[in-house]
Amino acid sequence: MRYKKILGVIFGVFSILIPCLLASFRGLKVGIDIYGYITPNFVTSSYTLSKGFFFFWNNMTVPTEIGFAYLIYICCQLKSIGLLFFIIEFLAIFPVLIVLNMFRRQGAAFVGIMTFFFLFYNLSLCVMRVSIAMSALMLAYVLFPKHKKKALLLYIFAIAFHSSAALLGVIFYAIYRIVNSQRMYRNLSILFGSLMLFFVGIKFLLPYLVLVSSFLNPRYGYYLSEYIGSGSFSDIPVTDFLSKFVLIAFFYRLLKGTSVLQEHKDIVILVLVGRYFVLFNAVFYEAMRIAFYFDLFLIVLASLVYSSNLRRVNKLISYIMILLPSFFYWIYFMMYKGAYETNYYYFR
């Protein structure tokens, strides 16, 4: 038993060390958002370093949330952009490993981490602030039932890296309350009905949404006014929608009727809401970034297949069937199509 624990720790260290090192050695052309807020702040804001962090934060070339700004500030002091990339990746992956470890009695962590690498690793090389917030918020959600104070601290931590986590945390909490309510099915019907009305009536609600979001962060008020209504159904990434929907359907089929599905039905609801926000990309061009918060819970469902009532051979086949759509998503959407510009060499 002790040998297995030591072996698990060794594999855990390598599973986080290798992708973090790969991230730290990448070029500055890998990932669209490098140009957005990494390079401008790392290079052109260096003259403000000597005047302290808060002066640096208030005079950043491209303003960011305080947590990410502090990370850039420290790495600017050390003059190491490679270290910055390493820490960003570590903050994106480490909470994921903690979550998978929490489900170790019910799940197969290696399937969950492989699903993460296929579906989310390339994404974390681009939308870095969101990736850190996503992982922290997922861990906060898993901890919430038994460790509310730790969950709250993680929620605040997530907001410090991306403001969108404030809204997503509220939605996560609402879903948690609905699933644990006595009238779950009625409340779920109200939730999904409200989401459909929101989809249809978004343009009428736009002025109020812009007002509220501008109060929280003027940049997001701009995003709403700029991108809502500018999308179309051609903006829905079909590969993303189908690959992940196939995974959800497969998980549900394998876990249907098991106590595991009953215990974690909220996770199924969360990933389904993620598919809704992918479709929402038709009316709000930036909705995909919201969807990723929910999609991250796919790694938990992937690991929980271990608890299905299948023989060992069938279980192995199930693992392969999980990884195939994930691999297809990575090889086609990320590597061939070059989504988020995280593949430097295109397969064309």
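The structure is a predicted model, in which local features need pLDDT of at least 70 and side-chain atom pairs count only at pLDDT 80 or more, while totals for chains, interfaces and linings use all residues. Residues are numbered from 1 along each chain as its sequence is written, and side-chain values use heavy atoms, with hydrogens and water left out.

**Helix H6**

- Helix H6 covers residues 109–124 and spans only 20 Å between its end C-alpha atoms; helices here are DSSP runs (H or I, at least four residues), numbered from the N terminus.
- H6 bends by about 45° at Phe118, the bend being the angle between axes fitted to the seven residues ending there and the seven starting there.
- Twelve of the 16 residues of H6 are buried, so the helix is largely enclosed by the rest of the structure; buried means under 20% relative accessible area (1.4 Å probe, protein chains only).
- Among these buried residues are Phe116, Phe118, Phe120 and Tyr121.

**Salt bridges**

- The whole structure holds six salt bridges, each a side-chain nitrogen of Lys or Arg within 4 Å of a carboxyl oxygen of Asp or Glu.
- Glu65 and Arg129 form a salt bridge at 2.9 Å, N to O.
- This pair links distant parts of the chain, 64 residues apart, and both Glu65 and Arg129 are buried.

**A salt-bridge network**

- Lys244 pairs with Asp240, their closest N and O atoms being 2.9 Å apart, and both lie in helix H12 (residues 238–255).
- Arg275 and Asp295 form a salt bridge, with the closest N and O atoms 2.7 Å apart.
- Salt bridges that share partners join Asp240, Lys244, Arg275 and Asp295 into one network.

Methods
Helix = DSSP H or I, 4+ residues; strand = E, 2+ residues; numbered from the N terminus. Expected span 1.5 Å × (residues − 1). Buried < 20%, exposed > 50% of the residue type's maximum accessible area, 1.4 Å probe, protein only.
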